[in-house]
Amino acid sequence: IMCRVPTLPMRAAPPMRATPRPTPVLSTRLVMSRRSVIRGALAASAVAVTAGSLAACDSGPSAEQLTAEALVPLADAAHADAATALALSATDTDYAAALKIVADQRTTHGQVLTEEITRLHQDTAKQIVTDPSTQNGGTAAPSSVDEFRTRLTESGRAAGKVALGEHGYVAGLAGSISASVASIVEVALAA
């Protein structure tokens, strides 16, 4: 015997309409993984350390500024010595020719020192006194060749001290100025 299952008559399916799919709604909630949080914390720490170290870099004068400041008194002395030598050459006929040479040499020393100071630190170069007559206070200009020798000897010693305290080109420059001033005192202005 065979069993029959009753079947229902089939109905046609409704026609398909072209309805758009619903658009997904984006969540406004921020989702972060643990890795993202750790990366962010590390990046913030790195920025804080870098900013702190950059701020610490500007805690004082640079080596160039300190070197330039050490050269300023030598430049001032060179300019003052040149002016004194010129003034004395007009009054002391015995040493007039030698004093003009001294003025030329000390003028050259002043120019070279000023250029080096400017190269090292431009703001420090503004402190140089190129015209000693405009300087208020200070020491009086020597009125004789003997007093001028004494001042030149002091200038040479000061340049020698700077030469010993510096290195490289600056030490060589100060050392050569010291030697030049010593030869001026011992040879050109010999008593």
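Select Glu116 to begin, and it will be found in helix α3, where helices (H or I, at least four residues) and strands (E, at least two) are DSSP runs numbered from the N terminus. This is a predicted model, in which local features need pLDDT of at least 70 and side-chain atom pairs count only at pLDDT 80 or more, while totals for chains, interfaces and linings use all residues. Residues are numbered from 1 along each chain as its sequence is written, and side-chain values use heavy atoms, with hydrogens and water left out.

With Glu116 still selected, note that the residue is buried, its relative accessible area being 6%; buried means under 20% relative accessible area, exposed over 50%, and partly exposed in between, with a 1.4 Å probe and protein chains only. Leaving aside residues up to four places away in sequence, Glu116 touches Leu71, Tyr169, Val170 and Leu173, a contact being heavy atoms within 4.5 Å.

Arg119 and Glu116 form a salt bridge whose closest N and O atoms are 2.7 Å apart, the term standing for a side-chain nitrogen of Lys or Arg within 4 Å of a carboxyl oxygen of Asp or Glu. The two residues are separated by about one helical turn, because they are 3 residues apart in helix α3 (residues 96-120). Arg119, at 57% relative accessibility, counts as exposed, whereas Glu116 counts as buried.

**Other salt bridges**

How many salt bridges does a search of the whole structure find? The search finds 5. For one of them, select Arg151 and Asp81, whose closest N and O atoms are 2.9 Å apart. Arg151 lies in helix α5 (residues 145-165) and Asp81 in helix α2 (residues 63-91), so this pair ties together parts that are 70 residues apart in sequence. Both Arg151 and Asp81 are buried.

Asp146 counts as exposed at 51% relative accessibility, while Arg149 counts as buried at 12%.

**The nonpolar core**

In soluble globular proteins, nonpolar side chains tend to be buried together. Here, the largest nonpolar core has 31 residues, of which Leu71, Leu99, Ile117, Phe148, Leu152 and Leu189 touch the most other members; such a core is a set of buried Ala, Val, Leu, Ile, Met, Phe, Trp, Tyr and Cys residues joined through side-chain atoms within 4.5 Å. The elements giving two or more residues to this core are α2, α3, α5 and α6.

Select Leu152 and display its surroundings: not counting residues up to four places away in sequence, Leu152 touches Asp81, Val102, Arg106, Val181, Ile184, Val185 and Leu189.

**The cavity**

Which residues line the largest cavity? Select Leu74, Ala77, Arg106, Leu113, Ser155, Ala159, Ile177 and Val181. On a 1 Å grid over the protein atoms alone, a cavity is a set of points where a 1.4 Å probe fits but cannot get out, and lining residues have an atom within 4 Å of a point. The volume of the largest cavity is about 30 Å³, taken as the space filled by probe spheres set on points that are joined across faces, edges and corners. The whole structure has 1 cavity of 30 Å³ or more. Helices α2, α3, α5 and α6 each supply at least two residues of the lining, which by class has 6 nonpolar, 1 polar and 1 charged residues.

**Helix α6 and the whole chain**

Move to Ala171, in helix α6 (residues 168-188), which is buried with a relative accessible area of 16%. Ala171 touches Ala163 and Glu166, not counting residues up to four places away in sequence. Ala171 and Gly160 are 8.7 Å apart in space, C-alpha to C-alpha, and 11 residues apart in sequence.

Finally, show the whole protein chain, whose secondary structure comes to 6 helices and 0 strands. Of its 191 residues, buried ones make up 29%. Among contacts between residues at least 6 apart in sequence, 80% join residues at least 24 apart.

Conventions: On a 1 Å grid over the protein atoms alone, a cavity is a set of points where a 1.4 Å probe fits but cannot get out, and a pocket is an open set with protein on both sides within 12 Å along at least five of seven lines; lining residues have an atom within 4 Å of a point. Ala, Val, Leu, Ile, Met, Phe, Trp, Tyr, Cys and Pro count as nonpolar, Asp, Glu, Lys and Arg as charged, and the others, Gly among them, as polar.
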